Amino acid sequence: MAEKFDVIVVGAGPAGSSAAYTLAKAGLNVIMFERGEYPGAKNVMGGVMYRHQLQEIIPDFIEQGAPFERPIVEQRFWMLDEQSVFQAGYKGLEWAEAPYNNFTVLRAKFDQWFAGKAVEQGALLINETVVTEAIVEDGKVIGVRTDRPDGDVYADIVILADGVNSLLAKQLGFHKELRPDEVALAVMQVINLPSEKIEERFNLEPNQGATIEIFGDSTKGLLGTSFIYTNKESISIGVGTLLSGLMKHQLRPYELLETLKQHPMVRKLIEGGEPKEYLAHLIPEGGYHSIPKLVGHGVMVVGDAAQLVNGIHREGSNLAMASGRLAAETAILAKQVGDYSENMLDTYRMKLMKSFIGQDLKKYKDAAHTLDRHPQYFKEFIPMINRAASEIFTVDGASKWEKQKRILGMVQERGTVNTIRDLYRVWKVMK
Ligand code: FAD
């Protein structure tokens with residue numbers, strides 16, 4: 001008879017390790033499978049890691065040596081046109097002090113550390129093992145099949161933390177094949193650069209980091225964003241756009257990334273850097289409407305596998321960690337009462353939907369689809385904002401009344417009613 005555990009966790013990303021850590025800490029017998037050579041070996045992220053959700057799981061994560069790159073003290077937003085950029089942002093030195101706000105991380109390091117913490121609590125981590133299917137008996141998930149010889153393992157509960165494609169959730173009929181308008185394809189590069197150069201170019205002190213989120217020209221007007229994040233001795237730069245847009249316009253993501261790297265506003269920031277890694281990955285972007293069935297008898301789905309990404313705020317890792325924790329807490333309760341039914345595990349779904357995860361995804365439930373259906377926000381508004389800024393800041397002898405008139409003229413050119421309708425539409429989906 002194969003060994004039986006309290007809980008099997010599939011996938012050692014932020015969602016899986018968060019679940020495994022919480023379960024093992026509570027004394028449950030937990031096994032976590034990871035297909036990579038080690039946790040993080042195959043994982044891709046910009047990546048901004050969120051302090052709050054990690055602290056809820058490991059309060060003293062700093063003392064425990066969490067491998068962060070730089071605490072982020074500045075978040076910039078760029079609306080990029082071909083030869084110009086309109087910028088906004090916030091820099092706050094309160095974020096330079098412990099416990100900080102957010103951090104940049106390199107996932108290969110962070111995921112290994114996080115999974116290692118789960119192991120320290122007593123979780124068993126099995127790397128280089130693919131879970132190929134869930135074992136179902138009488139409609140109940142009772143274990144998983146792996147690609148190892150004699151690879152069947154049993155448990156009262158299986159937590160699926162296997163990332164965006166979640167073949168296991170699909171096998172269980174929890175979700176269908178993802179549509180191209182529900183996922184973004186992101187490509188990114190890590191470019192090595194000496195720390196002094198990073199600090200000089202981004203106006204930072206040694207233990208400070210900055211992020212730049214870029215909209216507009218970098219995705220050729222398609223719905224998507226680009227990013228530049230500072231690590232200790234490297235810069236992460238990437239572009240992500242909906243797969244549907246890439247297919248429709250026959251664009252290749254690596255070409256978008258190369259164009260971004262050559263953009264006059266970007267080129268100098270990465271100049272002289274040595275490309276170290278090139279990565280590509282899908283990001284769930286369907287939001288609230290794409291959340292699959294989250295629980296069944298003996299099974300819960302967390303993180304990207306549950307499509308829990310807030311694309312508007314580029315949050316994913318924190319939703320993954322929080323959902324992993326909530327699923328683990330439900331599993332602990334279920335163990336106490338010996339009830340692994342769908343009804344019992346639905347506590348996880350209810351807590352998730354009441355938490356910031358459900359609330360935020362509900363708030364923006366129509367945002368991505370609306371922006372995708374109305375490309376004018378990226379194609380027309382961003383260039384117009386750049387032109388208006390150029391007009392207002394160019395001193396050419398025209399009075400400020402005249403400047404105002406010229407800017408209103410730009411609005412009239414594309415239609416005042418249309419512009420008001422567009423602004424109202426975007427306000428409605430973001431409010
Ligand atoms: P994953 O991190 O995908 O982990 C899933 C794990 O399961 C992997 O380790 C995988 O190897 C393993 N696995 C899969 N299938 C199996 C199987 N059958 N058997 C065994 N193991 C399996 N989020 C942010 O918060 N901030 C950012 O800055 C950010 N930037 C991003 C930039 C890019 C380019 C991309 C692609 C994503 C970004 N995200 C960001 C999103 C974030 O990476 C994800 O939301 C987060 O990683 C989800 O964690 P997860 O544990 O659910 O899934």
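Residues are numbered from 1 along each chain as its sequence is written. Since the model is predicted, local features need pLDDT of at least 70 and side-chain atom pairs count only at pLDDT 80 or more, while totals for chains, interfaces and linings use all residues.

A bit of background: most peptide bonds are trans, and most residues other than glycine have a negative phi.

**View A. A cis bond between G46 and G47.** Omega is about 0° for the peptide bond joining this pair. G47 sits in the loop that runs between β2 (30–33) and β3 (48–50). Strands here are DSSP runs of E with at least two residues, and helices are runs of H or I with at least four, both numbered from the N terminus.

**View B. A cis bond between A98 and P99.** Here omega comes out at about 10°. Look for P99 in the loop between β5 (85–91) and β6 (102–104).

**View C. A positive phi at D138.** This residue isn't glycine, yet its phi is near 50°. D138 lies in the loop linking β8 (131–137) and β9 (140–146).

**View D. A positive phi at Q307.** Phi is near 60° in this non-glycine residue. Q307 is in the loop between β17 (299–301) and α9 (317–337). Q307 counts as buried because it has 27 C-beta neighbours inside 10 Å.

Terms used
A residue is buried if 20 or more other C-beta atoms lie within 10 Å of its own, exposed if 12 or fewer, and partly exposed in between; C-beta atoms are placed from the backbone.
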